[in-house]
Amino acid sequence: MGNPMTEQSQTPETVSSPQGVAGDSSPIIKVEGMHKWYGDFHVLRDLNLDVKQGERIVICGPSGSGKSTFIRCINRLEEHQQGKIIVDNVELTDDIRQIDTVRREVGMVFQHFNLFPHLTVLENCCLSPMWVRKIPRKEAEATAMEYLERVKIPDQAHKFPGQLSGGQQQRVAIARALCMKPKIMLFDEPTSALDPEMIKEVLDVMIELAGSGMTMLCVTHEMGFAKTVADRVIFMDAGEIVEEAPPHEFFTNPQEPRTQKFLKQILQH
Amino acid sequence: MTESTMKPPKKTLGPVAWMREHLFSSWYNTLLTLLIGYVLVTSLGPLLSWLFFDANFAGTGPESCTGAGACWVFVSERLNFFIYGFYPDDQQWRVDVMFILLAVAFVPQFIEGFPGRKWLGIFGMTGLPLIGYFLIPGGSFGLEEVPSTKWGGLMLTLILAYIGILASLPIGTLLALGRRSDMPIIRGLCVVFIEVWRAVPLITVLFMASVMLPLFLPEGVNFEKLSRALIGITLWQSAYMAEVIRGGLQAIPRGQYEAADALGLGYWKKMGLVILPQALKLVIPGIVNTFISLFKDTTLVLIIGLFDVLGAVQSTITDPAWQNVASEGYVFVAFCFWVFCFGMSRYSQNLERKLDTGHKT
């Protein structure tokens with residue numbers, strides 16, 4: 001194992017897109033032969049995935065296909081029972097220290113935002129940097145304001161989450177995750193709980209983030225977003241990765257019949 | 001903003017309209033209003049005259065109670081005993097200091113915007129018991145020792161309730177967390193502890209603490225009855241508190257736990273910074289309810305020979321020198337309890353309003 005706890009900064013600007021990266025650079029996320037069961041139910045079957053630094057991956061598929069469960073395994077919100085998951089050179093095992101190490105480097109955005117309602121927006125953003133990274137309050141607040149600026153809601157910093165709209169809450173959630181300066185961002189259906197007019201403001205923030213070279217794994221039904229920013233689109237069905245292709249190929253020339261059927265259904269309207 | 005210039009119709013405003021709507025809206029409401037009015041007028045008069053108009057306030061000794069009303073002389077004559085028990089007269093200033101500190105710490109909690117309110121509250125929960133620990137029993141700093149067998153009255157009630165409340169909240173929180181732990185041994189121990197203590201009446205606990213505990217303790221180890229009662233009350237109360245707090249923990253959506261996990265907050269930070277602040281806020285009414293019932297349950301220490309305020313009053317109303325003073329005594333006790341319990345209740349309502357951040361998770 002390498003040393004994942006070295007002083008790290010924001011993802012280096014030099015790594016722009018995976019096409020430019022040499023094939024021998026080790027992946028930042030490596031999933032090998034991963035299986036998961038809920039009781040007897042086999043939710044994830046033999047998943048294999050390598051994600052390079054700076055790569056943007058969109059995972060789609062019908063509901064119940066295990067796509068959320070899959071990305072929740074990557075920061076161990078769900079436990080896998082077989083196979084290997086290595087994130088930033090740290091393997092996810094039962095060891096709580098390894099899990100905490102990985103979670104510090106992986107930011108997550110949830111469908112239902114999950115902001116802490118008893119804390120203000122600014123406090124939400126500062127909580128983890130202050131208590132986990134031990135950054136002094138002043139510095140943490142400055143960083144938080146920077147990210148709130150980036151998601152375009154610095155003026156809401158002293159409000160409580162309950163006073164914000166859904167779209168604003170989700171942007172705060174993105175800022176909160178970014179305040180930990182993660183190497184990887186996971187998005188679990190970030191726009192599914194939003195009203196249509198709020199989806200765009202969240203997607204805009206995500207597109208901006210993708211442009212900055214962040215490694216992103218995104219479960220979403222927003223095919224427009226997939227077309228614009230994804231380096232690869234992964235289609236899952238019944239717990240398996242059915243197809244994996246760059247967006248252009250994926251949308252224009254899907255190989256698997258299950259993919260074709262899915263695309264036909266969602267692109268009909 | 002444009003203010004509407006239309007006024008509501010006259011009929012819906014003013015006391016007459018209010019009465020028409022709330023008291024005489026239909027024939028049976030009118031009937032009920034008249035009936036209740038009659039009962040109030042006929043019973044309130046005699047009650048007030050017993051309590052105040054015909055009562056005897058001034059004087060010394062039973063002879064001064066001549067009126068038909070209450071004999072408050074009895075209460076004022078015995079007030080010293082009701083408040084301090086057998087605490088020596090020349091040392092009572094120590095108890096008075098504690099009463100004053102208690103008021104200084106907690107009365108400002110009811111006054112919005114009182115300077116340093118938060119710090120006074122923190123002092124009330126840390127410094128105050130510490131000072132009391134040295135001041136009340138004495139024996140150090142050149143203070144004369146007053147054994148706990150001489151404590152009694154309202155002072156004893158407050159000591160029992162205050163320490164029980166202060167200790168049961170953190171112990172109960174730990175038990176609640178333990179009961180929801182992933183670790184089977186910790187969870188098992190907490191379940192057993194809670195279920196055993198909660199299934200036993202407080203009287204039994206007190207009896208065990210005062211009579212049976214000494215039998216189990218090794219030779220030479222012995223601590224006085226009051227400490228044993230306090231430990232019993234605290235553990236018993238913690239079991240109740242644990243279940244109240246567990247209710248709050250269960251009401252926190254799973255997303256909050258997951259968000260805290262995803263941010264890399266470890267178990268204790270997740271609980272301390274994210275989950276417990278929300279869970280405790282949710283169960284403030286339940287927690288205060290438990291406090292209030294503990295406050296009243298302290299009267300049970302009477303059965304192990306400790307004289308709390310009720311015990312003190314009960315032991316004096318049988319005094320043959322005074323006749324028929326039981327009602328006065330009990331009214332006084334009821335008033336004491338009501339003041340403190342109502343205070344707690346009001347404070348919890350303040351707290352709920354203050355902590356409301358307008359969210360629905």
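**View 1. Helix α6 (residues 196-211) of chain A in a predicted model**. This helix has 16 residues and reaches 23 Å from its first C-alpha to its last, close to the 22 Å expected at 1.5 Å a residue; the expected span is 1.5 Å times one less than the number of residues. Helices here are DSSP runs of H or I with at least four residues, strands are runs of E with at least two, and both are numbered from the N terminus. The buried residues of α6(A) are A:M198, A:I199, A:V202, A:L203, A:V205, A:M206, A:L209 and A:A210. They sit on the same side of α6(A) because they cover an arc of only 155° around the axis, the arc being that of the directions from the helix axis to the C-beta atoms. An α-helix has 3.6 residues a turn, so residues three or four places apart point the same way. On the face turned away from the buried side you will find the exposed residues A:E197, A:K200 and A:G211. Buried means under 20% relative accessible area, exposed over 50%, and partly exposed in between, with a 1.4 Å probe and protein chains only.

A note for all the views: this is a predicted model in which local features need pLDDT of at least 70 and side-chain atom pairs count only at pLDDT 80 or more, while totals for chains, interfaces and linings use all residues. Residues are numbered from 1 along each chain as its sequence is written, chains are lettered from A and ligands numbered from 1 in the order in which they are written, and side-chain values use heavy atoms, with hydrogens and water left out.

**View 2. The surroundings of α6(A)**. The buried residues of α6(A) pack against β3 (56-60), α4 (137-150), α5 (166-178), β7 (184-188), β8 (215-219) and α7 (223-229) of chain A; contact means heavy atoms within 4.5 Å. After α6(A) comes A:G213, whose phi is positive, near 95°. Chain A as a whole comes to 9 helices and 10 strands, and buried residues make up 56% of its 269 residues.

View 3. Most residues other than glycine have a negative phi. A:N114 belongs to the loop between β6 (106-109) and α3 (121-131) of chain A, and A:K134 to the loop between α3 and α4. With a relative accessible area of 11%, A:N114 is buried, whereas A:K134, at 58%, counts as exposed. Not counting residues up to four places away in sequence, A:N114 touches A:R176 as well as B:G255, B:Q256 and B:A259.

**View 4. B:E243 in helix α10 (residues 225-251) of chain B**. At 17% relative accessibility, B:E243 counts as buried. Leaving aside neighbours within four places in sequence, B:E243 is in contact with B:R179, B:I194 and B:R198. B:R198 is 45 residues away along the chain, yet its C-alpha is separated from that of B:E243 by 9.5 Å.

**View 5. The second largest pocket**. About 1100 Å³ of space lies here. A pocket is an open set of points on a 1 Å grid over the protein atoms alone, where a 1.4 Å probe fits, with protein on both sides within 12 Å along at least five of seven lines; lining residues have an atom within 4 Å of a point. Points are joined across faces, edges and corners, and the volume is the space filled by probe spheres set on them. Of the 28 lining residues, A:I96, B:D182, B:D261, B:Y267 and B:K270 lie nearest the centre. Two or more residues each come from α2 (96-105) of chain A and from α7 (153-179), α11 (254-262) and α12 (267-282) of chain B. The lining divides into 13 nonpolar, 3 polar and 12 charged residues; Ala, Val, Leu, Ile, Met, Phe, Trp, Tyr, Cys and Pro count as nonpolar, Asp, Glu, Lys and Arg as charged, and the others, Gly among them, as polar.
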